Amino acid sequence: MNESFILNFTPTGMIPTKEMTPYVPVSVSEIVDNVLEANDIGITMVHLHARDPITHVPTYKKEEYAKIIEGIRKHAPELVICISLSGRDFGELEQRGDPLLLEDELKPDMGSLTLSSLNFNKTASVNAPDMIMSLANMMMEKGIVPELEVFDIGMINYAKYLEKKGLITPPYYFNLLFGNIACSQANLLHAGVMINDLPKDSFWSLAGIGNEQLKMNSLSLAFGGGVRVGIEDNIWYDSARTKLAKNSELLERVHVIAQANERNVMSPKTFRKKMNLQIGNGKYGRL
């Protein structure tokens with residue numbers, strides 16, 4: 001086998017609803033079950049979004065994240081867990097940073113950090129400089145590793161700025177996301193330029209929005225990167241949009257493509273070592 005790859009599982013996100021697809025997990029039990037099934041299939045890490053238990057709309061509340069993390073770690077204590085700190089629905093630092101206050105066996109290993117503001121089809125994700133730096137500083141103080149989310153090459157430059165400020169330190173993990181209407185598109189030139197511009201000591205995964213998910217996952221597996229995959233980024237299994245996807249189906253397809261490229265999924269244990277994370281099994285976050 002060639003070098004193993006990071007498989008970052010994104011089961012829920014903020015947009016998919018039960019009206020859009022019955023397969024999106026929104027309750028605590030559904031999310032936990034999806035993640036444990038994914039763990040059995042083979043993943044490196046999970047990128048979690050919590051939902052309100054009544055309305056199922058996205059929530060920032062640490063209490064809801066705690067329920068999910070507890071359920072996962074009861075059966076998968078080594079799995080690397082990243083929680084969302086998204087600015088799409090929440091604008092205050094006290095809201096966005098709330099899940100970072102979890103501690104001990106509920107402490108997340110990582111937290112998402114989008115490196116600039118951007119527009120989606122119908123909404124904006126506002127990430128002002130002071131917000132980005134404040135979240136980065138909170139994670140630094142608490143030993144939680146940023147999952148650096150990049151939609152354009154300028155965001156990589158901002159990561160280097162944060163590095164100079166001492167607000168992030170290597171090794172780094174980047175999600176490079178392609179196909180959003182106002183950001184880098186899913187083509188070889190955009191991907192190559194962004195990968196080439198990453199700072200030293202960076203691990204990376206490619207993601208595609210909507211129909212671009214399979215394309216970017218396949219490209220990354222062929223050229224040595226990791227994969228971000230799940231219903232968060234695409235609810236459909238096929239490009240004709242005739243079949244709604246289950247998370248398990250999206251993961252199993254990645255495994256098939258990986259096998260064809262003679263690559264295997266990086267274990268959470270290996271990823272923990274590479275990212276200077278604690279060993280899991282009750283010890284979480286950066287060493």
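These are my notebook entries on a few spots I looked up in this predicted model.

**Entry 1: two helices side by side**

I began with helix 7 (residues 212–222) and helix 8 (residues 247–260), whose axes come within 10 Å and cross at roughly 35°. I noted the crossing of helix 7 past helix 8 as right-handed. On the helix 7 side, I found Gln213, Leu214, Asn217, Ser218 and Leu221 making the contact, and on the helix 8 side Leu250, Arg253, Val254, Ile257 and Ala258. Sorted by class, this contact has 6 nonpolar, 3 polar and 1 charged residues.

**Entry 2: Leu250**

Is Leu250 buried or exposed? I wrote down a relative accessible area of 2%, so Leu250 is buried. Setting aside residues up to four places away in sequence, I saw Leu250 touching Gln213, Val229, Gly230, Ile231, Asn234, Trp236, Tyr237 and Ala245. I also checked Gly42: it is 208 residues from Leu250 in sequence, yet their C-alpha atoms are 12 Å apart in space.

**Entry 3: Thr44**

I then turned to Thr44, in the loop between helix 1 (28–41) and strand 2 (45–48). Its relative accessible area is 0%, so I marked Thr44 as buried. What does the side chain of Thr44 reach at 2.7 Å? I found the backbone oxygen of Met266 there. Beyond its neighbours within four places in sequence, Thr44 is in contact with several residues, including Phe5, Ile6, Leu79, Val80, Val265 and Phe271.

**Entry 4: salt bridges**

I looked up the total and got 12 salt bridges in the structure. I followed three of them.

- Glu30 pairs with Lys18, with the closest N and O atoms 3.0 Å apart. Glu30 lies in helix 1 and Lys18 in the loop between strand 1 (7–9) and helix 1, so this pair ties together parts 12 residues apart in sequence. Glu30 is partly exposed at 27% relative accessible area, and Lys18 is partly exposed at 29%.
- Lys215 pairs with Glu212, the closest N and O atoms being 2.9 Å apart. Both lie in helix 7, 3 residues or about one turn of the helix apart. I noted Lys215 as partly exposed at 42% and Glu212 as partly exposed at 23%.
- Arg228 pairs with Asp233, with 2.8 Å between the closest N and O atoms. Here I found Arg228 buried at 2% and Asp233 buried at 8%.

Which residues are linked with Arg228 in a network of salt bridges? I listed Glu149, Glu232 and Asp233.

Technical notes
Residues are numbered from 1 along each chain as its sequence is written. This is a predicted model: local features need pLDDT of at least 70, side-chain atom pairs count only at pLDDT 80 or more; totals for chains, interfaces and linings use all residues. Side-chain values use heavy atoms; hydrogens and water are left out. Axes are lines fitted to C-alpha atoms, for helices over the stretch in contact, and angles run from 0 to 180 degrees between N-to-C directions. Helices (H or I, at least four residues) and strands (E, at least two) are DSSP runs, numbered from the N terminus. A crossing is left-handed if the near helix is turned anticlockwise from the far one by less than a right angle, and right-handed if clockwise. Contact means heavy atoms within 4.5 Å. Ala, Val, Leu, Ile, Met, Phe, Trp, Tyr, Cys and Pro count as nonpolar, Asp, Glu, Lys and Arg as charged, and the others, Gly among them, as polar. Buried means under 20% relative accessible area, exposed over 50%, partly exposed in between (1.4 Å probe, protein chains only). A polar contact is a pair of N or O atoms within 3.5 Å; within protein, one must be able to donate a hydrogen and the other to accept it, and residues adjacent in sequence count only if both atoms are side-chain atoms. A salt bridge is a side-chain nitrogen of Lys or Arg within 4 Å of a carboxyl oxygen of Asp or Glu.
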